[in-house]
Amino acid sequence: MKRTLPGILALYCLPTILFAQINFQTKSWKEVLAEAKRQRKLIFVDIYTDWCGPCKMLDRTVFSNETVGKQFNGYFINYKANAERSGMALAAEYAVRSYPTGLFIDGDGQVVHRFVGYRPAMFFMLEGEQAMLRTPDGITMALQQNKFKEGDRSPALVRNLLTLHRKYGQETHSVLENYPTYQTIH
């Protein structure tokens, strides 16, 4: 039994390792904070434990989702912290008492948004959007996307929207496909 237990555990964890779409940083917390400040991005922190069933569900069904990965890898610097091992100090610093806890933290270490518990992929992405909307770039992007949807195709708006999309690793083709390629001359 001693020989098979590690094999069973490896097979249980293998899908998460092979199919993870969210790129979680392996740097130190101090380095992640510095990187967030440099890039002017938020940090998404997954605080989990080894025994937490909902934490394992997040790994298997949400963190492995391609759409979630694109959004979170674009908008955030992602970091995992095991609250009972190397992430104990981080969990204590942010008063985490339930697992999983998702924290969105700025480069100064301030919590911008938090949530507790499992979320299916769609609702998990909504948590990320709520966090993003609490940043100046997120507010600007949302306002500009709304203006674009309402029909504004001014070059300044399109340029700013494309710049923000590129900065956060979001697709740009939906903006470009809806931009007129010619101007009517009067």
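Trainee: Leaving aside its neighbours within four places in sequence, which residues is Asn-82 in contact with?

Mentor: This is a predicted model: local features need pLDDT of at least 70, side-chain atom pairs count only at pLDDT 80 or more, and totals for chains, interfaces and linings use all residues. Residues are numbered from 1 along each chain as its sequence is written, and side-chain values use heavy atoms, with hydrogens and water left out. Contact means heavy atoms within 4.5 Å. With neighbours within four places in sequence set aside, the contacts of Asn-82 are Tyr-48, Thr-49, Asp-50, Gly-87 and Met-88.

Trainee: Is Asn-82 buried or exposed?

Mentor: Asn-82 lies in strand β3. Helices (H or I, at least four residues) and strands (E, at least two) are DSSP runs, numbered from the N terminus. Buried means under 20% relative accessible area, exposed over 50%, and partly exposed in between (1.4 Å probe, protein chains only). The relative accessible area of Asn-82 is 4%, so this residue is buried.

Trainee: Which residue has its backbone nitrogen 3.0 Å from a polar atom of the Asn-82 side chain?

Mentor: A polar contact is a pair of N or O atoms within 3.5 Å; within protein, one must be able to donate a hydrogen and the other to accept it, and residues adjacent in sequence count only if both atoms are side-chain atoms. Here a polar side-chain atom of Asn-82 lies 3.0 Å from the backbone nitrogen of Glu-84.

Trainee: How many bridges pair β2 with β3, and in what sense?

Mentor: Two strands pair if DSSP finds at least two bridges between them. Ile-43 stands opposite Ile-77 in β3. Strand β3 covers residues 76-82, and its pairing with β2 counts 7 bridges, in the sense called parallel.

Trainee: Why is β2 largely enclosed by the rest of the structure?

Mentor: Leu-42, Phe-44, Asp-46 and Tyr-48 point one way from β2, while Ile-43, Val-45 and Ile-47 point the other way. Both groups are buried. Strand β2 (residues 42-48) is largely enclosed because its buried residues number 7 of the 7.

Trainee: What class of ring pair do Phe-44 and Phe-63 form?

Mentor: Rings of Phe, Tyr and Trp (its six-membered ring) pair if their centres lie within 6.5 Å; planes under 30 degrees apart count as stacked, over 60 as edge-to-face and the rest as tilted. By this rule there are 16 aromatic pairs. In one of them, the centres of Phe-44 and Phe-63 are 6.4 Å apart and the planes stand at 70 degrees, so the pair is edge-to-face.

Trainee: How many residues apart are Phe-44 and Phe-63?

Mentor: Phe-44 is buried at 1% relative accessible area, and Phe-63 is buried at 2%. Phe-44 belongs to strand β2 and Phe-63 to the loop between α3 and α4 (66-75), so the pair links distant parts of the chain. The number of residues apart is 19.

Trainee: What class of pair do Phe-104 and Phe-115 form?

Mentor: Phe-104 is buried, with a relative accessible area of 0%, and Phe-115 is buried at 5%. Their ring centres are 6.3 Å apart and their planes at 35 degrees, so the pair is tilted.

Trainee: Which residue has its charged end over the ring of Phe-148?

Mentor: A charge sits over a ring if NZ of Lys or CZ of Arg is within 6 Å of the ring centre and within 35 degrees of the ring normal. Lys-80 lies over the face of Phe-24, at 4.8 Å from the ring centre. Over Phe-148, at 3.7 Å from the ring centre, sits the charged end of Arg-153.

Trainee: Which side chain joins that of Thr-61 in a polar contact of 2.9 Å?

Mentor: Thr-61 lies in helix α3 (residues 53-62) and is partly exposed at 40%. A polar atom of the Thr-61 side chain also lies 2.7 Å from the backbone oxygen of Met-57. The side-chain partner at 2.9 Å is Tyr-118.

Trainee: What is the omega of the peptide bond from Tyr-99 to Pro-100?

Mentor: Most peptide bonds are trans. Pro-100 lies in the loop between α5 (88-93) and β4. The bond from Tyr-99 to Pro-100 is cis, with omega near -5 degrees.

Trainee: What is the phi of Arg-40?

Mentor: Arg-40 sits in the loop between α2 (29-39) and β2. Arg-40 is exposed, with a relative accessible area of 59%. Its phi is positive although Arg-40 is not a glycine, with a value near 55 degrees.
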